[in-house]
Amino acid sequence: MQFDPTLYVITDSTYHTAETLLHAVDEACAGGATLIQLREKDTGGRDYLMLAQQVKAVTDRYNVPLIIDDRVDVAIACDAAGVHVGASDLPVSVCRRLLGPDKIVGATAKSVEAAKAAYTDGADYLGTGAIYPTTTHVTTKITPVSTLNEICRAVPIPVVAIGGLNADNMDVLADSPIAGVAIVSAVMKADDPRSAATHIKEKVLAMRK
């Protein structure tokens, strides 16, 4: 599946109701998000699926692919565009086998070795970070930009930078060969998610010139 990782918005429902989360996703898509990931670390399968179906109804209106974090079963059940897995989730190779060749499989990679392994196992893109400390409830370890750049050069698939990034601190990535940035709080916590998404996307595109 073809996809554009330029502005990859990841949800965080810890400061949202279902209604405001859907509104934020809608606004992010309207502002130019090119990928949306639904990330629900503490939600059971039934509720995760119900929310995924609601979010997908929003992303489908904008023709933006929806990625499900961790749960390949939920991704299959809601016919999402794909899944993103970390080191403690199902292996990339298993996700690829379950989803088939036409879905997106993304993987977290914090080292060149992990990146090469994920690519070999069938990953379509990699998420690398955290570039900065984050305010999400996900455990993070800081990844130097030098390591991010090494990973970009080590694999032929897109690499997306993640971790505490916003429009004001992205300059550290100006010379990095990344394919895009993954944003959580800077969009999901914003008073105006649409404007925040638009502004961040403009900065990413400007760095490519």
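Let's start with the largest nonpolar core, which has 59 residues. By nonpolar core I mean a set of buried Ala, Val, Leu, Ile, Met, Phe, Trp, Tyr and Cys residues joined through side-chain atoms within 4.5 Å, and buried means under 20% relative accessible area with a 1.4 Å probe, protein chains only. The residues with the most contacts inside this core are Ile36, Leu38, Ile68, Leu126, Val181 and Ile200. Helix H1, residues 18-30, gives the most to it, with six residues. There is also a second, separate core of 10 residues, and Tyr8, Ile10, Ile67 and Val160 are among them.

A quick word on the background: this is a predicted model, where local features need pLDDT of at least 70, side-chain atom pairs count only at pLDDT 80 or more, and totals for chains, interfaces and linings use all residues. Residues are numbered from 1 along each chain as its sequence is written, and side-chain values use heavy atoms, leaving out hydrogens and water.

Now, how do the strands close up? Eight of them form a barrel in the order S1-S2-S3-S4-S5-S6-S7-S8, with parallel pairing. Helices (H or I, at least four residues) and strands (E, at least two) are DSSP runs, numbered from the N terminus, and two strands pair if DSSP finds at least two bridges between them. Strand S1 (residues 7-10) is joined to strand S8 (residues 180-183) by three bridges, and there Val9 stands opposite Ile183.

Let's zoom in on strand S3, residues 66-69. Are its two faces covered or open? Covered: Leu66 and Ile68 on one side, and Ile67 and Asp69 on the other, are all buried. On the S2 side, S3 pairs in parallel with residues 35-38 over three bridges, and Ile36 sits opposite Leu66. With strand S4 (residues 82-85), S3 again makes three parallel bridges, and Asp69 has His84 as its bridge partner.

S2, helix H2 (residues 45-61) and S3 make a right-handed β-α-β unit; right-handed means that, with the strands pointing away from the viewer, the path from the first strand over the helix to the second runs clockwise. From S3, the chain crosses through helix H3 (residues 72-77) to S4, and this crossover is right-handed too.

Finally, back to Ile68. Leaving aside residues up to four places away in sequence, Ile68 touches several others, including Leu38, Tyr48, Ala52, Val74 and Val83, where contact means heavy atoms within 4.5 Å.

Technical notes:
Buried means under 20% relative accessible area, exposed over 50%, partly exposed in between (1.4 Å probe, protein chains only).
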